[in-house]
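Please read the numbered points with the sequence and the model in view.

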Amino acid sequence: MTMSAGWYLRRLSRMGPREVGGRAGDAVRRRRWRSARPESPEVTGARFTAVLPAGTLAAVPPDAAKRLIAEADRLLAGHAEFFGVVRDDLADPDWWYDPKTGRRAPFGYAFDVPYRDEDAVGDIKQIWELSRHQYLTVLAAAYAVTGNERYAERVAEHLRRWWAGNAPLRGVHWISGIELGIRLLSWVWVRRLLDGWPGAAGLFEDNPVARHQIWHHQRWLAAFPSRGSSANNHVIAEAAGQFAAACAFGWFPDSARWRADALRSLERHLRANTFGSGLNRELATEYHGLVLELGLAALAEADAAEVPVPAPVRLTLLRMTDALAAVVDNRLRPPRQGDADDGHGLVLDGAGTDRWASLLATGDAVFGRLAWWPTVTGADVRTPLLAALIKPADLSVTRPASRPDHFADAGLTILRGPEEIWCRCDGGPHGFLSIAAHAHADALSVEVRHDGVDVLADPGTYCYHGQPEWRRYFRSTLGHNTLQLDGEDQSVSGGPFLWTRQARSRVLEASGVRWSAEHDGYQRSVHRRRVELIAADRELRVVDEVRGPRRAARLAFHLGPEITADLEGNRAVLTWTRDGEDRSAVLDLPGQLSWRAHRGETDPPLGWYSPGFGRKEPATTLVGTGFADGAEEFTTVLGFRG
């Protein structure tokens with residue numbers, strides 16, 4: 001996907017004067033750096049002291065170690081999967097190759113690479129993911145747990161190859177700050193986990209090539225921070241990686257300045273990216289997880305290096321942890337709200353480890369669980385390692401006495417009923433900052449689960465670059481469980497990560513069993529929705545009304561991939577299986593609309609569910625068409641059977 005002149009004008013319109021000035025300075029700096037590539041300063045006596053405390057590895061649970069070793073062995077054999085694409089070339093990977101399209105990113109000055117153009121570069125997410133080096137932290141963790149030097153040797157081999165093949169400012173891996181920040185964090189943990197291997201010092205602190213790379217990564221991050229309307233999760237990854245490296249690899253004349261600047265940025269942007277309730281302001285749940293992982297990793301580095309951390313950093317991470325505990329369902333699954341790209345801040349575990357259970361386990365170890373928190377089952381490698389580095393702190397803060405169900409600042413409400421009925425209602429801001437990059441046009445949408453199974457599902461994200469028709473669909477109003485008027489989205493998109501007009505929502509009522517809200521995304525009309533959970537009847541009632549002139553309407557309900565639907569007229573019988581037991585529900589749909597089931601359609605896309613980035617599968621979507629004129633209500637009733 002290449003960006004048009006119109007896109008650049010729309011993007012510019014969402015910037016303030018300060019951001020425009022900063023980006024102009026960045027452009028001048030990029031031109032200057034094309035011909036000015038300094039050598040890193042000479043370093044003598046470099047040492048790595050940010051090691052794990054003695055006995056830490058003995059706390060790794062056996063089940064978690066088993067998963068880790070199985071994953072590391074797959075990696076040693078050259079096998080991995082990224083975003084739905086299986087790779088068998090990891091024994092000797094091509095760092096610039098995209099296995100999805102078969103294309104290879106061009107070589108040259110980094111800022112000349114057209115990374116948004118899939119025809120020229122390939123799928124940039126596929127190329128970048130491997131070079132976050134999180135598969136190397138898995139191999140390094142396997143060495144730390146087992147002492148088997150095969151894992152350490154593979155890590156060293158791949159790092160040396162990467163450093164040799166990706167000189168500073170050359171090629172696709174020097175374009176995006178989030179990639180540099182996460183890569184630095186991975187290198188810090190690789191060095192920590194390889195401590196005790198005879199070759200560790202020779203790979204890092206005694207290796208001028210490694211020092212050269214680390215210095216250039218930090219110089220880059222200091223020069224090109226994400227700015228203004230782009231200061232979302234990216235700037236936190238940049239600050240966390242810069243801070244971690246400046247603490248653990250503090251060998252350079254600028255290390256103290258980089259460390260102080262990164263900590264200030266981390267404090268500022270953690271607070272800016274987080275509502276007072278603890279939810280992430282991007283209203284994209286996976287980015288809540290990413291930011292929390294990055295923040296905890298940065299806190300671990302601060303405590304390991306005995307660098308004082310401002311109290312708001314710990315308090316923000318505490319609030320984020322409590323908010324996560326509040327919104328998950330009974331199977332510890334959080335909402336599927338907004339964009340999701342399977343991005344992680346720090347990976348030390350094998351496949352099959354529950355990301356959200358791991359974060360809650362870390363929160364318990366670091367901050368302490370509250371009585372209303374859900375029970376966390378399973379075990380992971382990362383929690384005992386982070387907990388060994390993060391020091392206890394006395395936080396003077398009042399935490400929720402009971403489980404919150406309404407987050408007023410985020411406009412998110414959770415209704416909970418018997419037999420583990422869980423319903424998320426969305427009446428919050430469209431997204432974060434002027435571009436709301438990771439938002440979807442999903443105002444007043446609902447998401448309903450029964451015992452962790454998606455019944456009325458948020459379809460997900462699927463892709464970012466290269467497939468614009470799919471990007472549009474998964475972000476669209478029709479792609480969510482809400483009402484569309486005149487075939488338009490509630491908010492107006494100006495590009496794959498840009499909204500030029502954003503619907504404004506407001507919650508009218510919110511309690512544990514009732515919710516109502518409205519939005520103004522449709523000019524001349526207001527869409528209002530009421531949701532009520534009737535526990536005695538195991539029933540969820542959704543009422544939609546439109547105030548304004550008569551308009552064409554489409555009401556969509558997306559079913560989860562495990563749900564089979566038998567639609568007759570305006571009634572759908574839903575069936576599925578959970579833990580070997582047959583389950584069912586009846587969905588009575590508004591009779592004023594004409595209903596049709598869609599599944600796996602491509603022209604245009606409709607009836608899909610994305611279980612993870614780069615993956616999609618057919619799922620049933622029920623769409624009712626007709627007219628809304630303000631004279632009547634559309635009532636939908638979802639009743640769960642015994």
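Where is the place of Asn 232?

1. Asn 232 sits in the loop that lies between α10 (208–223) and α11 (233–248). Helices (H or I, at least four residues) and strands (E, at least two) are DSSP runs, numbered from the N terminus. The model is a predicted one, in which local features need pLDDT of at least 70 and side-chain atom pairs count only at pLDDT 80 or more, while totals for chains, interfaces and linings use all residues. Residues are numbered from 1 along each chain as its sequence is written, and side-chain values use heavy atoms, with hydrogens and water left out.

2. Is Asn 232 buried or exposed? With a relative accessible area of 7%, Asn 232 is buried; the term means under 20% relative accessible area, whereas exposed means over 50% and partly exposed lies in between (1.4 Å probe, protein chains only). Apart from neighbours within four places in sequence, Asn 232 is in contact with Asn 273, Glu 282, Phe 432, Leu 433, Ala 437 and His 438. Contact means heavy atoms within 4.5 Å.

3. Helix α11 packs with helix α12 (residues 255–272) at an angle of about 145 degrees, and their axes are 8 Å apart. Axes are lines fitted to C-alpha atoms, for helices over the stretch in contact, and angles run from 0 to 180 degrees between N-to-C directions. The contact of α11 with α12 comprises 12 nonpolar, 4 polar and 1 charged residues. Here Ala, Val, Leu, Ile, Met, Phe, Trp, Tyr, Cys and Pro count as nonpolar, Asp, Glu, Lys and Arg as charged, and the others, Gly among them, as polar.

4. A further helix pair is formed by α13 (residues 285–304) and α14, which pack at an angle of about 140 degrees with axes 10 Å apart. These helices, α13 and α14, are therefore oblique to each other; angles under 35 degrees count as roughly parallel, over 145 as roughly antiparallel, 65 to 115 as roughly perpendicular and the rest as oblique. The crossing of α13 and α14 is left-handed. Contributors to the contact include His 288 and Asp 303 of α13, together with Arg 314 and Met 320 of α14. By class, the residues of this contact are 8 nonpolar, 3 polar and 2 charged.

5. Which strands does helix α14 lie across? Helix α14 (residues 311–327) lies across β3, β4 and β5 (421–426), at about 40 degrees to β4. These strands belong to an open sheet of 5 strands, in the order β3-β4-β5-β6-β7 with antiparallel pairing. Its edge strands, each pairing on one side only, are β3 (406–407) and β7 (453–456). Two strands pair if DSSP finds at least two bridges between them; β3 and β4 (residues 412–417) have 2 bridges and run antiparallel. His 406 stands opposite Thr 413 of β4.

6. Another open sheet has 4 strands, ordered β8-β15-β24-β19 and paired antiparallel. Its edge strands are β8 and β19 (594–599), each with pairing on one side only. On average, neighbouring strands of this sheet are turned by 25 degrees against each other, direction ignored.

7. Within that sheet, strand β15 (residues 551–558) is mostly covered, as 6 of its 8 residues are buried. On one side, 3 bridges join β15 to β8 (residues 483–485) in the antiparallel sense, and Leu 483 stands opposite Leu 555. Strand β15 also pairs with β24 (residues 620–628) over 8 bridges, again antiparallel. Arg 551 has Ala 628 as its bridge partner in β24, and Ala 556 stands opposite Val 623.

8. The meeting residues include Leu 68 and Glu 71 in α3, and Tyr 135 and Thr 146 in α6. Of the residues in this contact, 12 are nonpolar, 1 is polar and 1 is charged.

Definitions and conventions:
Left-handed = near helix turned anticlockwise from the far one by under 90°.
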